[in-house]
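Subject: Structure handover

Hello,

Could you look through it before reading on?

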Amino acid sequence: METFKIAESFVSINGEGKKAGRLAMFIRLRGCNLNCSYCDTKWAISKKGDAELMTAPETAQMVKEAGVELVTLTGGEPLLDENISGLIGSILALPKVELEIETNGSIPIRPWRERDARLSMTMDYKLPSSGMEESMCLENMEELKPWDVVKFVIGTREDLERAKEITDRFSLCERAIVYFSPVFGALLPEEIVEFMKEHKLNKVRFQIQIHKVVWDPEQKGV
Ligand SMILES: C[S@@+](CC[C@H](N)C(=O)[O-])C[C@H]1O[C@@H](n2cnc3c(N)ncnc32)[C@H](O)[C@@H]1O
Ligand SMILES: Nc1nc2[nH]cc(C(=O)O)c2c(=O)[nH]1
Ligand code: SF4
Ligand SMILES: [Mg+2]
């Protein structure tokens, strides 16, 4: 049976997205197709490196034993794994467990739509300062559901303007839940809030990664 390269797994409070503040089990898969300038998980971008090889049923058993009702599948880029459907299926087979997938916006999300009401996507749109904007899969914008999240991680003034432009162009606030979040320690968070006030962005939500306030921002496994 196929195995998944799990770079780390841990239970913490979810620090990002619409489920922020709730206990979650994080499952971080190795390997990413992008290389964002600000990535706080660069150590997991390469397929090579320390990882635990686990099958989908073993991973689901680990979630069951942890006793959590929320799973965040992240990475690296979790949707890169060609067998990811098997892992998604095993996790959703656990009663009551909700699954959130953190994805970078470059991979079509269509194959995982309509799957289960307990599955939601937290999808980034990579802005200019990431250096990865040209990899964005724009057809994903049409696939968003009202329970999904689109996240803009903002590092510069140019990013801020671009986030608004993309939000307007694709009517993102009508399609999904939109977050504006600073690259940790980069653009002043106040600047984002002032921009939201100035442009009356009533439907956009501001967020800071909570785990980096609770723990040392460099700490792994939290
Ligand atoms: C490490 S990524 C893994 C999932 C997927 N590759 C992606 O980019 O969405 C998880 C989330 O952390 C965010 N992130 C990474 N580095 C960050 C930083 N320095 N400040 C704020 N958010 C960051 C990413 O933008 C993404 O939303
Ligand atoms: N506490 C905590 N919450 C998170 N939400 C998304 C994360 C990620 O790296 O994808 C993350 C993470 O690394 N830690
Ligand atoms: S897509 Fe996600 S994991 Fe990959 S480099 Fe960018 S932030 Fe890091
Ligand atoms: Mg993280």
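**Ligand 2**

A nitrogen atom of ligand 2 has a polar side-chain atom of N14 at 3.0 Å. Please keep in mind that this is a predicted model, so the distances here are computed from it.

Two further side chains make polar contacts with ligand 2. R28 places a polar side-chain atom 2.9 Å from an oxygen atom of the ligand. For T74, the distance from a polar side-chain atom to an oxygen atom of ligand 2 is 2.6 Å. On its own, ligand 2 has 330 Å² of accessible area, and the protein covers 93% of that.

Which elements give two or more residues to the shell around ligand 2? They are β1 (4-13) and β2 (23-29). The residues around the ligand include S12, I13, G15 and E16, as well as F26, E102, H211 and V222. By class, the shell around ligand 2 consists of three nonpolar, five polar and three charged residues.

As for where ligand 2 is found, it sits in the largest pocket.

**Ligand 1**

The space taken by ligand 1 is likewise the largest pocket. There are 21 residues around ligand 1, and those that come nearest are G76, D124, K126, K151 and F184.

K151, one of these nearest residues, has a polar side-chain atom 2.7 Å from an oxygen atom of ligand 1. F184 is also in that nearest group, but its contact comes from the backbone: an N or O atom there lies 2.9 Å from a nitrogen atom of ligand 1. D40 likewise uses a backbone N or O atom, which is 3.0 Å from a nitrogen atom of ligand 1. Ligand 1 on its own has 540 Å² of accessible area, of which the protein covers 94%.

Which strands each supply at least two residues of the shell around ligand 1? These are β4 (70-75), β5 (98-103) and β7 (149-154). Sorted by class, the shell around ligand 1 holds eight charged, seven polar and six nonpolar residues.

**Where to start**

When you open the model, N14, R28 and T74 are the side chains to display for the polar contacts of ligand 2 described above. For ligand 1, display the side chain of K151 together with the backbone of D40 and of F184.

Regards

Note on methods
Residues are numbered from 1 along each chain as its sequence is written. Chains are lettered from A and ligands numbered from 1 in the order in which they are written. This is a predicted model: local features need pLDDT of at least 70, side-chain atom pairs count only at pLDDT 80 or more; totals for chains, interfaces and linings use all residues. Side-chain values use heavy atoms; hydrogens and water are left out. A residue is near a molecule or strand if one of its heavy atoms lies within 4 Å of it. A polar contact is a pair of N or O atoms within 3.5 Å; within protein, one must be able to donate a hydrogen and the other to accept it, and residues adjacent in sequence count only if both atoms are side-chain atoms. Accessible areas come from the Shrake-Rupley method with a 1.4 Å probe; for residues, only the protein chains shown count as cover. On a 1 Å grid over the protein atoms alone, a cavity is a set of points where a 1.4 Å probe fits but cannot get out, and a pocket is an open set with protein on both sides within 12 Å along at least five of seven lines; lining residues have an atom within 4 Å of a point. A molecule sits in a cavity or pocket if more than half of its atoms lie within 2 Å of its grid points. Helices (H or I, at least four residues) and strands (E, at least two) are DSSP runs, numbered from the N terminus. Ala, Val, Leu, Ile, Met, Phe, Trp, Tyr, Cys and Pro count as nonpolar, Asp, Glu, Lys and Arg as charged, and the others, Gly among them, as polar.
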